[in-house]
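Biologist: I have a new model open and would like to go through it slowly. Please start with the ground rules.

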Amino acid sequence: MTTYTAIHLKNRPEDGKIGEHLFEVKEKTVPEPEDNQILVKQTYMSLDPAMLGWMTADEESYIPPVELGDVMRSSGVGTVVSSRHPDFSEGDKVMGMMGWQEYVVSDGKGLNKLQKGIDEETALCVFGLPGLTATQGLLNIGKPEKGETLIVTGAAGSVGSIVGQIAKADGLRVIGVVGSDEKADWITQELGFDGAINYKTDDLQARLEELAPDRIDVFFENTGGPIQSLIVNYMNAHARVVVCGMISDYQADTPSPGPNWLPLIKKRIKIQGFAMPDHLDNSAQLVKQLTPYVQQGKIKYRSHIIEGLTSAMEGLNLLFEGKNKGKLMVKL
């Protein structure tokens, strides 16, 4: 193959809508690596809710926006097909930020070799951003203790499902908030969560009281929405709120109002937001923390794979419509 496809960001999502109108598909000549460089053929590409934020012009975000005209940002896994770098050989499988493109030339910085026996799908679903995010947010910020009760929103998602499984492995009572009965069945019957709340159909307050008779100690927030205030009001003294995402607000014209702060004072509740770019230099330690859970068979996952690079332009909407079942990724 002498050419490859790359997708560049052409327009900002003014109305929050994602589609082909935002992008430009380009055919390029496959480059040759220079000294201390490698050429990687990307095989799987991750699609994540944060991408909508990366497309906007928000200069105050935790990471600079993708510039118009640049290749769209994303993480992925691939195979080294040509190497002039002493630390990489042809055939090595690597993971890191590769962008919406079939090939990428890299100096190796930010790319990590996959552990032997770990396939690309597992790498993205568990040892990629979902697993690292879950590990950092839950273990290093939420600091759960055995016997406590944890609630996680977006519980059937790529991050939330790992959060819940780590917490269960560490002896916590775990409740997941999801948007369908199918997802509720999956997290309780397959992943071992103690209970599930369907935020679309359940009596939220009644289900909280039923499933968490001892109230909530750790709240891992991925979505926002009306249940957020109910959870905060239902927390124990010295509880912790880990704010990872607010997907319900990403496409909203006006963000939802936050919870009443009086419970934060009365209960001395700690709230901390975080973003993974601050912690990627600690990836090796996060993988070390996560690996024992995987080796012990404590982490299950499911992936939602769409085919072909150009499918990403419309496929990203699945995340915001709640239609993905598992980690959303593109198979190139």
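Modeller: Two strands are said to pair if DSSP finds at least two bridges between them, and the helices (H or I, at least four residues) and strands (E, at least two) are themselves DSSP runs, numbered from the N terminus. This is a predicted model, in which local features need pLDDT of at least 70, side-chain atom pairs count only at pLDDT 80 or more, and totals for chains, interfaces and linings use all residues. Residues are numbered from 1 along each chain as its sequence is written, while side-chain values use heavy atoms, with hydrogens and water left out.

Biologist: New topic: how many residues does the largest nonpolar core have?

Modeller: The largest nonpolar core has 42 residues, and those with the most contacts inside it are Leu138, Leu150, Val163, Ile166, Ile187 and Phe220. By a nonpolar core I mean a set of buried Ala, Val, Leu, Ile, Met, Phe, Trp, Tyr and Cys residues joined through side-chain atoms within 4.5 Å, where buried means under 20% relative accessible area, exposed over 50% and partly exposed in between (1.4 Å probe, protein chains only). Apart from this core lies another, of 25 residues, among them Ile7, Ile18, Leu52 and Met313.

Biologist: What does Leu150 contact, leaving aside its neighbours within four places in sequence?

Modeller: The contacts of Leu150 include Leu138, Val163, Ala167, Leu172 and Val218.

Biologist: Now the aromatics: how many pairs are there?

Modeller: The structure holds three aromatic pairs. Tyr4 and Tyr103 form an edge-to-face pair because their ring centres are 5.9 Å apart and their planes lie at 70 degrees; rings of Phe, Tyr and Trp (its six-membered ring) pair if their centres lie within 6.5 Å, with planes under 30 degrees apart counted as stacked, over 60 as edge-to-face and the rest as tilted.

Biologist: How many residues apart are Tyr4 and Tyr103?

Modeller: They are 99 residues apart, with Tyr4 in strand E1 (residues 3-9) and Tyr103 in strand E6 (residues 103-106). Tyr4 counts as buried at 8% relative accessibility, and Tyr103 counts as buried at 11%. Phe220 and Phe274 are also an edge-to-face pair, at 6.5 Å centre to centre with 80 degrees between the planes.

Biologist: Last one: which residue lies over the face of Trp186?

Modeller: Arg302 does, at 4.1 Å from the ring centre, and the charged end of Lys113 sits over the ring of Phe88, 5.4 Å from its centre. A charge sits over a ring if NZ of Lys or CZ of Arg is within 6 Å of the ring centre and within 35 degrees of the ring normal.

Conventions: Contact = heavy atoms within 4.5 Å.
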